[in-house]
Amino acid sequence: MVVFAAFLHQVPLSSFAQETSAAPKVAQTWRPLTDDETAKWETVRFGGEGTVEMADGVISLGFGDPLTGVRWTGEFPKDQFEIELEARRVGGFDFFCGLTFPVGEGSCSLILGGWGGSLVGLSSIDGNDAANNDTMQIYPFEKERWYRVRVAVKPESIEAWLDDESLFVVEREGHQFEIRGEMEPSLPIGIAAFQTDSEVRNVRFRTLP
C-alpha cells in the first residue's frame, strides 16, 4: 500500500482520468437492408433486365440479357464500412453476385462467379477488371448453395471474405478504384447478376471506427 501511495503522489490523478475515459472505438451494430418493412431497393434499369422479386427477405434476380440487378436507395456511407450478404446461383453459368459499393469518391464491384462461372475478383483497379488484376481467383461455386460474402472498406485498404475465408486485401494508397461502365446504373450500392438466375438474402452493413 505504501508503494501504491507513492506512485499516486508522483502521477496526477488527472492522468488516470484521461487514460480510462478514452474508451476504444468500436464498429457500429449491423443494420439489415433486406427486412421487408425497411428495404429500400429498386430494380436497376440496365435494359434487358429480368424479373426482380423480394419476399421474406430474399431478393430474386431473374435471368437478364445480360444484367438484372437492384440498387439501394437509402442512406449509405462512402467510406469506413462493412457490408455482408448471402447469395446463390439458381440457374445460368455466369456471375450470380456483382456487389457494387463506394470506395471514398470511387467505386468497385466484387464479382462472384464471373467469366464462365468461377472467377472471383474486384472490378476495377487502375483500369483493370476482375479478370486482369491481382484479386482474380478461381472458385468452384456450386448451384443452389448459399455463399456468404463480406467486404470491408477501410481508409487504408479494401478487404473481402468468402464464407469467412480471406479473399484479398488491397491497399488503397496509390490506386484508382472504379467500376465497369455497364455497372454504373447500380451506383452507389447495387447487386447484379449476369445472364444468371440468382437469389440474395441477409444483406446488412455497419460503419467502422
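On a 1 Å grid over the protein atoms alone, a cavity is a set of points where a 1.4 Å probe fits but cannot get out, and its lining residues have an atom within 4 Å of a point. This is a predicted model, where local features need pLDDT of at least 70, side-chain atom pairs count only at pLDDT 80 or more, and totals for chains, interfaces and linings use all residues. Residues are numbered from 1 along each chain as its sequence is written, and side-chain values use heavy atoms, leaving out hydrogens and water.

Start with the largest cavity: select Glu84, Arg148, Val149, Arg150, Trp161, Asp163 and Asp164, which line it.

Next, pick Phe101. Along with Ile191, Phe101 touches the most other members of the largest nonpolar core, which has 41 residues. Such a core is a set of buried Ala, Val, Leu, Ile, Met, Phe, Trp, Tyr and Cys residues joined through side-chain atoms within 4.5 Å; buried means under 20% relative accessible area (1.4 Å probe, protein chains only). Apart from that core lies another, of 10 residues, among them Phe95, Ile111, Leu119 and Ala130.

Now show the cysteines. Cys97 is buried, at 1% relative accessible area, and Cys108 is buried too, at 0%.

Conventions
Buried means under 20% relative accessible area, exposed over 50%, partly exposed in between (1.4 Å probe, protein chains only). On a 1 Å grid over the protein atoms alone, a cavity is a set of points where a 1.4 Å probe fits but cannot get out, and a pocket is an open set with protein on both sides within 12 Å along at least five of seven lines; lining residues have an atom within 4 Å of a point.
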